[in-house]
Amino acid sequence: MTECEICGAKIRGHPHYIQIGASKLRVCEACARYGTAVTEPERRKSSFSSISTMGARRRDMYQMDIAIEEPVMDDYGRKVKEAREKAGLRQEELARMINEKHSLLRKIENETITPTEEVRMKIERVLRPYL
Ligand SMILES: [Zn+2]
């Protein structure tokens with residue numbers, strides 16, 4: 001029932017919760033290494049969409065909070081995809097070059113997850129001429 005949010009595998013036993021960029025993910029043991037371990041899922045970010053229902057003061061607090069988060073990677077996944085296609089690489093080829101799972105790269109390109117600094121640097125090292 002519980003599936004890993006990175007590779008999609010069924011999670012046996014207790015899931016691991018990790019943070020990758022601004023995303024909190026429930027993952028299997030094998031994928032736990034992709035992010036920073038967190039003890040439990042944090043609900044704060046997922047309530048983001050309900051900001052409009054809160055008072056103005058609360059909204060200000062949220063905006064301040066958001067402002068100190070790492071910068072939002074606008075269109076990062078799309079840029080990676082375009083650069084990869086310009087480079088003539090398939091997802092699995094690029095994934096192999098940066099030593100990451102195909103499924104991780106697919107989620108980055110779909111903007112399902114924000115890649116860690118380490119993964120971003122690896123991607124940019126390969127695709128820099130095309131970014
Ligand atoms: Zn997994």
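Strands here are DSSP runs of E, at least two residues long, numbered from the N terminus.

This is a predicted model, where local features need pLDDT of at least 70, side-chain atom pairs count only at pLDDT 80 or more, and totals for chains, interfaces and linings use all residues. Residues are numbered from 1 along each chain as its sequence is written.

Let's start with E1, residues 16-20.

Now for the partners. Two strands pair if DSSP finds at least two bridges between them, and E1 does so on both sides, in the order E2-E1-E3.

| Pair | Bridges | Direction |
|---|---|---|
| E1 and E2 (residues 23-27) | 5 bridges | antiparallel |
| E1 and E3 (residues 36-38) | 3 bridges | antiparallel |

The 3 strands make an open, antiparallel sheet. E2 and E3 are at its edges with a single partner strand each, so one side of each has no neighbour in the sheet. On average, neighbouring strands are turned by 40° against each other, direction ignored, going by axes fitted to C-alpha atoms, with angles from 0 to 180 degrees between N-to-C directions.

Down at residue level, Ile-20 sits opposite Ser-23 of E2. E1 and E2 form a hairpin with 2 residues between them, and Gly-21 in the turn has a positive phi of about 60°. Over in E3, Tyr-17 has Val-38 as its bridge partner, and Gln-19 has Thr-36.

Notes. Helices (H or I, at least four residues) and strands (E, at least two) are DSSP runs, numbered from the N terminus.
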